[in-house]
There are 2 protein chains.
Amino acid sequence: MTESPLAAADIGRAAASYREIKSRIMDRRFAPGEKLSEVRLAAELGVGRSPIRTALARLQGEGWIAVSPQSGTYVKGLTDAEMNEVFELRLILEPAVAGLAAERMSSEELAKLRRAFEAFGTEIAEGRVEEYFALDLQTHRAIYSAAGNGLIHGILVNLLDKVHWIQRTSVGSPRPSSALGEIRDLLAALESRDGERAAQVMRTHILRTAKFRNLPAGATEAEAPAPEAPAPSKEKAEPTRRRARAAG
Amino acid sequence: MTESPLAAADIGRAAASYREIKSRIMDRRFAPGEKLSEVRLAAELGVGRSPIRTALARLQGEGWIAVSPQSGTYVKGLTDAEMNEVFELRLILEPAVAGLAAERMSSEELAKLRRAFEAFGTEIAEGRVEEYFALDLQTHRAIYSAAGNGLIHGILVNLLDKVHWIQRTSVGSPRPSSALGEIRDLLAALESRDGERAAQVMRTHILRTAKFRNLPAGATEAEAPAPEAPAPSKEKAEPTRRRARAAG
DNA sequence: ACTAGAAAACTAGTCATCTAGATTTGTGTC
DNA sequence: GACACAAATCTAGATGACTAGTTTTCTAGT
């Protein structure tokens, strides 16, 4: 029943399955530690097992799930250590990419970013948090593209998804209006075509973002105490006990 | 006939197929532009199509092949632009990772690298080029591991495979004994626990490596004039005409 | 009630088969 | 010979059946 969310739109059932499953992981309808049965997913999405397997293989490659042969497929949450790894990688790549973008971004693209920034206003009002996130996302993505390196672009886009997941996982995260100033500085650096400065501003921006993510650390602890992924190793793992399906 | 190179050793047929296919791509038994039929691979490796598909999906994710639905799977060579992308990414990541490694590498691991270096000798004699490459590889891998970031480690290991492929693709590459001095400097920087210096030395090392790679540019042009990959895009591509199998 | 062990259920891995679409080949026409 | 069109062939995509292994559940024995 329910519905058939993916009727092989026009991208193939495997790609559609990938999108749907990843989407559910991203918004935590599939929580970390949850078991994903191929047959159940196939039935639920109205496709055979093959496209599901293709989708899961890709998700595994991107680090979203872990497969234990003959046992089960589990949603892999990021441990604190892995979150730090993501942060560390961003801190290396993003400033460098911002530096490249300062030299390579087209004036048109830059003007577009500037317009989007001006349109936003001067502070992050109550209900406009999502809007700010969108602006931030647009800025980062534009920088990734402008750097003109497809390899790095792919890595960063995937990384940004993980950051997004982390943000949704952690506490609602306070974000002061000063964050807008960071984007303003970033734009200014890009417009001045000063790679060094753009890199430095980006570095600061990411450090601040992480600071507002890290402080929960023991405060809100949303729901599950410590589900996490059940050891991606081929060894005898200890998969968390099968949990009742959250989704209706 | 031939043989059955992978009898599902102990890692599963899919993983074995992945290794074998990637190995053949790496040493150019599967050349860029060559068409890889799933059924042919399956027959050749003595497995069904499913493990082949799993292996190909992974190789696709890593950028080694491109799949055109209902048309064919093609070995994806790296264009000059993509080689530059690899180089650019290395130039960003490796110095940063070397910096981390300088702070985090254990003294034992460091001593092991030192021993391997001392054992090599003072210059790269005639028949010892492969030996030098092994030393270089060992050093780089040790640094990747010592940085203690699994995410970056995975990226760099995959990247190193591409570098390896590029090296085998380009001209035999001249490598002067001065390259040994670079490794010596690198080790010294690591031993002094000076992250900044390690990063700078690594940066120089990579720049020199690239220099000796780039100079062919129009010299030896080994075999195929310009096979390359047939547009990974979903659009109407122009797959190179099926070529006779090179392997006997 | 509790443990041990057997049986049932469930899992991903693999295979053979079928399908839809792209490509190549063959053939007739001019 | 050159072109247009149709048929045959080859491709990856997808499916259902089956396998080997794990995990859970049931049951017998104490």
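Read along its sequence, chain A follows the pattern α-α-α-β-β-α-α-α-α-α-α, which amounts to 9 helices and 2 strands. Helices (H or I, at least four residues) and strands (E, at least two) are DSSP runs, numbered from the N terminus. The model is predicted: local features need pLDDT of at least 70, side-chain atom pairs count only at pLDDT 80 or more, and totals for chains, interfaces and linings use all residues. Residues are numbered from 1 along each chain as its sequence is written, while chains are lettered from A and ligands numbered from 1 in the order in which they are written.

Of the 248 residues of chain A, 31% count as buried. A residue is buried if 20 or more other C-beta atoms lie within 10 Å of its own, exposed if 12 or fewer, and partly exposed in between, with C-beta atoms placed from the backbone. Two residues are in contact if their C-beta atoms, placed in that way, lie within 7 Å. Among the contacts in chain A with a separation of 6 or more, 73% join residues 24 or more positions apart.

One such pairing of helices within chain A is H5 (residues 107-120) with H6 (residues 129-146), whose axes come within 11 Å and cross at roughly 170 degrees. Axes are lines fitted to C-alpha atoms, for helices over the stretch in contact, and angles run from 0 to 180 degrees between N-to-C directions. Because of this angle, H5(A) is roughly antiparallel to H6(A). Angles under 35 degrees count as roughly parallel, over 145 as roughly antiparallel, 65 to 115 as roughly perpendicular and the rest as oblique. Residues making the contact include A:Leu113 and A:Phe117 of H5(A) and A:Leu135 and A:Ala142 of H6(A).

Between the chains, 16 residues of chain B are in contact with 16 residues of chain A. On the side of chain B, H4(B) gives the most, with 7 residues. By class, this side has 9 nonpolar, 4 polar and 3 charged residues. Here Ala, Val, Leu, Ile, Met, Phe, Trp, Tyr, Cys and Pro count as nonpolar, Asp, Glu, Lys and Arg as charged, and the others, Gly among them, as polar.

The axes of H4 (residues 80-104) of chain A and H7 (residues 150-169) of chain B come within 8 Å and cross at roughly 55 degrees, so H4(A) is oblique to H7(B). A:Glu85, A:Val86 and A:Leu89 meet B:Gly150, B:Leu151 and B:Ile152 there.

The largest nonpolar core has 64 residues, and those with the most contacts inside it include A:Val97, B:Val97 and B:Ala198. A nonpolar core is a set of buried Ala, Val, Leu, Ile, Met, Phe, Trp, Tyr and Cys residues joined through C-beta atoms within 7 Å. Residues touched by B:Ala198 include B:Ala101 and B:Leu186.

A residue is near a strand if its C-beta atom, placed from the backbone, lies within 6 Å of it. Of the 22 residues around DNA strand C, A:Ser37, A:Thr73, B:Arg13, B:Ala14 and B:Gly48 come nearest. H3(B) supplies the largest share of that surface, 4 residues. Around DNA strand D there are 25 residues, the closest being A:Arg13, A:Gly48, A:Ser50, B:Ser37 and B:Thr73.

Definitions and conventions:
Lists of a residue's contacts leave out its neighbours within four places in sequence.
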